[in-house]
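Me: I would like to learn how to read packing, pairing and charge contacts in a protein model. Could you take me through one example?

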Amino acid sequence: MSTPSPDEATSGDSPVDEPDSSIDRRRDVHTIEVDGRRILLVGTAHISRSSVELVREVIEAERPDRVCIELDERRFEALSDREAWQKLDLKQVIRKKALTTLLMNLLLASYQKKLGAELGVVPGTELLEAARVAQENDIPISLCDRDVRVTLRRAVHATPFLRRMVLLSEVLLSLLDAPEISEEQLQELREQDVLTELMNEMGKRHPSLKRVLIDERDSYLAQKIHDSDGQTVVAVVGAGHVQGIRAALENHRVADLDALDVIPPVSPWWKIAGWGVPVLILGTIALIGYQQGLAAAGDNLLFWTLANGIPASLGALIALAHPLTILAAFAAAPIASLTPVIGTAYVTAFVQAWVAPPTVKEFETVADDISSPRAWWRNRLLKIFLAYILPGLGSMIGSVVGGAELLSNLFQ
């Protein structure tokens with residue numbers, strides 16, 4: 001496992017020279033004896049400079065056999081490699097139908113970065129510091145978190161569709177809201193794992209989300225830490241995970257990592273509905289043709305085409321998408337609405353990514369731009385999300401209107 005060199009961090013990432021009085025090892029460092037081994041859990045706040053100092057202090061003082069870090073390969077690369085965005089194949093993300101997962105990841109990253117800007121530290125700096133200090137002292141590291149893509153996809157799967165919309169609106173509102181933060185609040189934020197606090201707050205309203213984002217990861221992290229080599233291990237994790245990890249280790253709970261890495265399959269009811277709607281629409285048009293003649297069937301097929309194509313293309317137009325994307329929305333919506341294999345939204349997002357790919361700079365600024373409504377139409381990465389959401393919504397509305405009209409004509 002490679003770790004970033006000290007020079008790879010930004011100038012704002014390095015800890016300050018003077019010790020921070022907010023460091024409290026008795027509160028933030030927890031020593032656990034498990035099977036004759038010594039594990040030190042270092043609870044950190046992902047946007048706290050004092051946590052950066054604490055991580056360095058503990059690793060240098062303990063010189064453990066291994067350092068475990070609350071990161072997966074993808075997040076580690078994103079934090080340590082400034083040019084990681086250049087390697088992202090956006091069209092491949094769309095092909096894998098992972099655009100929603102990417103959007104949620106960006107929203108959460110933006111929320112954390114927004115708070116980090118107030119505190120003068122890049123989110124996740126203390127995790128990179130753990131890797132940096134381990135490298136300096138020739139200590140091997142283990143990335144112990146679950147793949148962020150798996151976590152987010154399990155979270156999406158566990159959350160009902162309507163609740164997803166509520167959650168998405170809550171996150172968007174939190175990004176657009178920019179209240180003044182007092183010095184007292186800033187000090188409190190410095191001593192918290194803010195993202196975990198956000199997840200806990202959401203968990204009160206969305207228990208299934210908390211189960212995936214917090215509870216499952218507690219079990220996953222605890223098992224990976226337990227399975228790591230070394231008699232003395234320092235594990236650097238968000239403060240919000242400490243209690244769950246500690247309980248799992250002390251109670252010798254064994255987690256099935258393979259089960260926690262599985263993305264649950266789509267419910268058979270969704271599959272039935274996905275194929276049932278096209279069968280119903282095509283069957284209705286066929287029955288109209290049988291009862292009222294081919295001309296009537298042709299008129300209803302035309303209505304279905306326009307009912308889907310016009311709202312979808314209007315959605316692309318509102319997104320200020322490329323003209324080819326607008327045409328693709330009109331052409332794809334009537335057909336995509338009759339197959340569960342691929343939706344209109346993915347067609348339009350793919351076309352937009354193909355004809356107007358984002359620049360590297362737009363990838364780098366997306367975490368800031370995502371909190372500005374105007375920037376969604378200016379940043380080409382965010383415009384791809386608009387070209388995904390709005391035509392898909394238009395096609396959905398068109399399917400309801402078109403389906404209702406066809407059924408009405410069948411029984412007239």
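This is a predicted model: local features need pLDDT of at least 70, side-chain atom pairs count only at pLDDT 80 or more; totals for chains, interfaces and linings use all residues.

Me: How are the axes of helix α3 and helix α6 placed, and at what angle do they cross?

Reply: In general, two packed helices are described by the angle between their axes and by the distance between those axes. Here the axes of α3 (residues 73-80) and α6 (residues 125-136) come within 10 Å and cross at roughly 90°, which means that α3 is roughly perpendicular to α6. On the α3 side the contact is made by Arg75, Phe76, Leu79 and Ser80, and on the α6 side by Leu127, Leu128 and Ala131; by class, these residues divide into 5 nonpolar, 1 polar and 1 charged.

Me: What is the order of the strands in the open sheet, and which are the edge strands?

Reply: The open sheet has 5 strands with mixed pairing, in the order β1-β2-β5-β3-β4. Its edge strands are β1 (29-34) and β4 (141-143), each of which pairs on one side only, and the twist from one strand to the next averages 20°. Helix α11 (residues 207-227) packs on this sheet, touching β1, β2, β3 (66-69), β4 and β5 (232-238), and its direction makes about 140° with that of β2. Strands β1 and β2 (residues 37-44) run antiparallel and are joined by 6 bridges; Val34 has Arg37 in β2 as its bridge partner.

Me: How many salt bridges does a search of the whole structure find, and which parts does the pair Arg217 and Glu70 tie together?

Reply: The general idea is that side chains of opposite charge can pair when their charged atoms come close. A search of the whole structure finds 13 salt bridges. In one of them the side chains of Arg217 and Glu70 meet at 2.8 Å, N to O; because Arg217 lies in helix α11 and Glu70 in the loop between β3 and α3, the pair ties together parts that are 147 residues apart in sequence. Arg217 counts as buried at 12% relative accessibility, and Glu70 counts as buried at 2%.

Me: Which residues do salt bridges that share partners join into one network?

Reply: Arg132 forms a salt bridge with Glu129, with the closest N and O atoms 2.3 Å apart, and the two are separated by about one helical turn because they are 3 residues apart in helix α6. Both of these residues, Arg132 and Glu129, are buried. Through shared partners, salt bridges join Arg56, Glu60, Glu129, Arg132 and Glu136 into one network. Within it, the side chains of Glu60 and Arg56 meet at 2.8 Å, N to O, and Glu60 counts as partly exposed at 33% relative accessibility.

Terms used
Residues are numbered from 1 along each chain as its sequence is written. Side-chain values use heavy atoms; hydrogens and water are left out. Axes are lines fitted to C-alpha atoms, for helices over the stretch in contact, and angles run from 0 to 180 degrees between N-to-C directions. Helices (H or I, at least four residues) and strands (E, at least two) are DSSP runs, numbered from the N terminus. Angles under 35 degrees count as roughly parallel, over 145 as roughly antiparallel, 65 to 115 as roughly perpendicular and the rest as oblique. Contact means heavy atoms within 4.5 Å. Ala, Val, Leu, Ile, Met, Phe, Trp, Tyr, Cys and Pro count as nonpolar, Asp, Glu, Lys and Arg as charged, and the others, Gly among them, as polar. Two strands pair if DSSP finds at least two bridges between them. A salt bridge is a side-chain nitrogen of Lys or Arg within 4 Å of a carboxyl oxygen of Asp or Glu. Buried means under 20% relative accessible area, exposed over 50%, partly exposed in between (1.4 Å probe, protein chains only).
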